[in-house]
Amino acid sequence: MSADTAAAATGQAAAAIRRKPQKRGVIADGSTRRSRTVRYALLLLFLLFVLIPVYVVLITSFKTSADTTAASQWNLPKTWTLDPWRKAWDVLQPYMVRSLSLAIPAAIISSLIGSMNGFVLARWRFPGANIVFAFILFGMFIPYQAIMLPLRTTFTNLDVTRGVPTLILAHCIYGIPICTLIFRNYYATIVPNEIIESARVDGAGLVQTYLRIILPISISGFVVTLIWQFTSVWNDFLFALFLTQQNNGPVTLGLAALAGGQKVDYAASMAGALITSFPTLIVYILLGRWFIGGLMAGALKG
Amino acid sequence: MLLPTVLLLGYFVYGLIAWSFNTSLTDRHTARKGPASYVGFANYGHLFGEDRFLNSLKNLGVLTVAFIVGTLIFGLIWALLLEKGVPGESIFRSIYLFPMAISMIASGVVWGWLLNPSQGEDARGLNRLFEILHLHFLENPWWTAGSRWTTMASIALPAVWQLSGYIMALFLAGFRGIPPELREAARVDGASEFKLYRHVLFPQLSPIALSALIILGHMSLKLFDLIYAITGPNQFRTEVPAVYMWNTLLRSDMAKSAAIAIVLLAVVAVLVIPYIAYTVRQENEE
């Protein structure tokens with residue numbers, strides 16, 4: 001089992017997680033009723049643990065400013081108010097629009113590129129294919145600080161419009177390695193060999209086969225990379241901080257500004273944290289089982 | 001078909017790294033354009049003779065250990081609790097995993113509030129919760145005082161919260177990928193549950209454990225957003241090279257910030273290059 005088998009198999013991995021063990025009788029899995037109770041109690045305890053921050057965000061975001069004394073921090077709001085939500089929304093709304101117009105195209109473009117690369121790498125065994133693969137793979141581990149300053153200069157020299165276009169370009173380029181990896185594993189494990197064999201032609205034939213045969217059967221691979229890329233672009237802060245400003249930056253930059261500074265409005269910050277998390281949470285709730293597959297596939301990425 | 005990608009990455013990854021490295025060898029200590037002269041590795045020499053940079057490296061080391069150990073422990077425990085299948089498994093799985101979908105800036109907002117250093121009468125955040133639960137001995141100043149270990153462990157705590165579910169998902173996929181016949185055979189041979197895990201199941205998971213280690217390691221080395229959101233960028237106590245690089249850039253010291261970034265890259269490369277080589281070689285054998 002190679003290391004990126006752990007990273008492999010996109011939808012397959014999600015399916016593997018969902019697959020319940022076959023025998024669950026008391027004897028077959030070696031556990032007794034008491035050990036089950038203990039296991040359940042532990043699971044619930046950890047659940048509570050994970051949900052503490054959620055409780056805090058929710059209750060605080062509905063509190064009036066008079067209600068945020070130290071003693072009442074963990075209590076439910078005395079009077080429920082939507083003011084923090086309004087305040088946060090007023091600040092964040094333009095950032096949300098920019099983040100959407102950034103994350104959607106960036107996710108689509110880098111998925112398309114990744115799909116083409118992945119197909120070539122998975123099925124076209126040319127000499128040096130492994131070196132090319134390693135060459136691409138390394139790109140997803142680098143700390144982006146190491147390229148950030150020249151990147152800024154390059155974009156200025158190329159006269160790329162500041163703000164969303166700059167970020168789309170950056171995320172597409174640096175999203176290529178992870179999307180390539182996901183699709184390479186997808187094509188290597190999921191797509192039947194017979195279909196691919198027919199694609200073993202060269203030159204223009206390769207492009208044609210890709211468009212006619214491969215693209216239509218890549219849907220589930222695309223779902224995974226789209227979710228993965230959308231989430232990482234949406235949540236990115238580093239590129240946003242280095243390449244954009246408050247007037248043209250994405251939502252992480254807006255939230256950092258809302259929650260930073262000298263006098264922090266905690267209620268509005270918490271509401272803002274929720275507002276900015278909604279799109280990824282919705283994606284996660286609706287497409288959660290694919291998201292897990294995406295996590296597996298993205299196992300090599302940070 | 002691969003050529004555009006190779007050219008793009010050739011320039012934007014390798015070319016720009018070379019550019020940064022080149023800058024780090026000069027005396028470009030301002031934002032001003034114009035010729036700069038080469039000073040060899042002098043910038044690196046200064047860095048490694050500087051308390052602030054050494055402090056950031058030590059912080060990074062402690063952070064990485066605390067983060068990796070914490071995340072592996074929680075991830076493995078959750079996977080072990082879930083792997084045999086319990087009623088409502090998908091709910092537990094989803095809730096353990098969801099922090100992964102949140103940006104580190106958003107989680108930093110909440111954890112900044114939770115890790116409030118006030119104690120006793122005026123306790124806030126988690127300390128207030130400990131006060132309410134009469135667990136006074138747990139109250140502590142988090143990252144604002146105390147040793148390097150307590151400081152960086154406090155920073156690792158939110159990161160552990162975010163990524164344990166991910167490690168759980170990895171291990172869970174690993175457990176489910178083990179053929180059921182292996183377990184059956186071990187049980188037929190009379191192996192105890194402990195021995196079953198120790199000698200049969202865990203060895204099967206070692207490739208996944210290695211991946212997990214590499215993923216967590218390189219994430220930790222690059223951690224920036226969370227520290228920025230919780231403590232602000234200008235905290236000596238919690239500064240790591242990624243943050244120090246940003247602070248240096250704010251003072252427009254191009255050469256020095258490039259040198260810090262290159263050191264960071266070198267640290268990541270030491271971790272990752274053997275791993276990539278290993279991965280590629282293993283695939284060749286298959």
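**Figure 1. Burial within chain B of the predicted model.** In this predicted model, buried residues account for 48% of the 286 residues of chain B. The C-alpha trace of chain B extends over about 75 × 65 × 35 Å along its principal axes. Of the contacts in chain B that link residues at least 6 apart in sequence, 69% are between residues at least 24 apart.

**Figure 2. Helical architecture of chain B.** Chain B contains 12 helices and zero strands. Followed along the sequence, the order of elements in chain B is α-α-α-α-α-α-α-α-α-α-α-α. The mean pLDDT of chain B is 91, with 100% of the residues scoring at least 70.

**Figure 3. The contact between chain A and chain B.** Chain A contributes 81 residues to the contact, and chain B contributes 84 residues. On the side of chain A that touches chain B, helix H3 (residues 33-61) of chain A supplies the largest share, with 11 residues. Sorted by class, that side of chain A comprises 56 nonpolar, 19 polar and six charged residues. For the model, ipTM is 0.91 and pTM is 0.89.

Figure 4. An unreviewed UniProt entry assigns the annotation "transmembrane region" to residues 40-62, 102-122, 129-147, 167-188, 209-230 and 266-287 of chain A. Residues 167-188 of chain A are 100% helix and 0% strand, with 31 Å between the end C-alpha atoms.

**Figure 5. Segments of chain A with pLDDT under 50.** Chain A has a mean pLDDT of 83, and 81% of its residues reach 70 or more. Over residues 22-28 of chain A, pLDDT remains under 50, and the model has seven contacts beyond four places in sequence for this segment. A further segment, residues 298-302 of chain A, likewise has pLDDT under 50 throughout; for residues 298-302 the model has 19 contacts beyond four places in sequence.

Technical notes. Residues numbered from 1 in each chain as written. Chains lettered and ligands numbered in written order. Predicted model: local features only at pLDDT ≥ 70, side-chain atom pairs only at ≥ 80, totals over all residues. Contact = placed C-beta atoms within 7 Å. Helix = DSSP H or I, 4+ residues; strand = E, 2+ residues; numbered from the N terminus. Nonpolar A, V, L, I, M, F, W, Y, C, P; charged D, E, K, R; others polar. UniProt positions renumbered as here; feature names shortened; annotations may be inferred. pLDDT = per-residue confidence, 0-100. Buried ≥ 20, exposed ≤ 12 C-beta atoms within 10 Å, placed from the backbone.
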